[in-house]
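Could you look over the model shown here alongside my comments? I have set them out as numbered points for checking against the coordinates.

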Amino acid sequence: SDCRLVFLDEPTASVDEATKKDIAEIISKEKVKRPETTFIVISHDSQFVEMLNCNIKVKMEKGKII
């Protein structure tokens, strides 16, 4: 697709570690193939977020950006 914005809400919920790594690899490859696209990933899993090598990270606590 030629969309410019992709939202991923808890993409690793209820998956094992191997699948989590696979998902991170797929997202990373898509980011390279589609540099004009912004990927917004919402996750409680900080280990997974680190795997993505994000340009910008926003952390929230009790509904506020910290």
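The points below go from the overall fold to the first helix and then to some individual residues.

1. Basis of the comments. This is a predicted model, in which local features need pLDDT of at least 70 and side-chain atom pairs count only at pLDDT 80 or more, while totals for chains, interfaces and linings use all residues. Residues are numbered from 1 along each chain as its sequence is written, and side-chain values use heavy atoms, with hydrogens and water left out.

2. Overall layout. The protein chain has 2 helices and 4 strands, where helices (H or I, at least four residues) and strands (E, at least two) are DSSP runs numbered from the N terminus. Along the sequence these elements follow the pattern β-α-β-α-β-β, and the C-alpha atoms fill a box of roughly 35 × 25 × 15 Å, taken along the principal axes. Of the 66 residues, 20% count as buried, a term that stands for under 20% relative accessible area, with exposed meaning over 50% and partly exposed lying in between (1.4 Å probe, protein chains only). Among contacts (heavy atoms within 4.5 Å) between residues at least 6 apart in sequence, 67% join residues at least 24 apart.

3. The parallel pair. Strand S1 (residues 5-9) pairs with strand S2 (residues 38-42) in the parallel sense over 5 bridges, pairing being assigned if DSSP finds at least two bridges between the strands. Within this pair, Leu-5 stands opposite Thr-38 in S2. The chain passes from S1 through helix H1 (residues 17-33) to S2 in a right-handed β-α-β crossover, right-handed in the sense that, with the strands pointing away from the viewer, the path from the first strand over the helix to the second runs clockwise.

4. Helix H1. This helix has 17 residues and reaches 25 Å from its first C-alpha to its last, close to the 24 Å expected at 1.5 Å a residue, the expected span being 1.5 Å times one less than the number of residues. Which residues of H1 are buried? They are Lys-20, Ile-23, Ala-24 and Ile-27, and because they fall within an arc of 100° when seen down the axis of H1, they line one face of the helix; the arc is that of the directions from the helix axis to the C-beta atoms. The face turned away from this buried side carries the exposed residues Ile-26, Lys-29, Val-32 and Lys-33. What covers the buried residues of H1 includes S1 and helix H2 (46-51).

5. The nonpolar core. The largest nonpolar core is made up of 5 residues, namely Ile-23, Ala-24, Ile-27, Phe-48 and Leu-52, such a core being a set of buried Ala, Val, Leu, Ile, Met, Phe, Trp, Tyr and Cys residues joined through side-chain atoms within 4.5 Å. H1 gives the most to this core, with 3 residues. Leaving aside its neighbours within four places in sequence, Ala-24 is in contact with Phe-48, Met-51 and Leu-52.

6. Residues to inspect. Ser-14, in the loop between S1 and H1, has a positive phi of about 65° although it is not a glycine, and its relative accessible area of 82% makes it exposed. Asn-53, in the loop between H2 and strand S3 (60-61), likewise has a positive phi, of about 50°, without being a glycine, and it is exposed at a relative accessible area of 63%. Glu-17, which lies in H1, is partly exposed at 42% relative accessible area.
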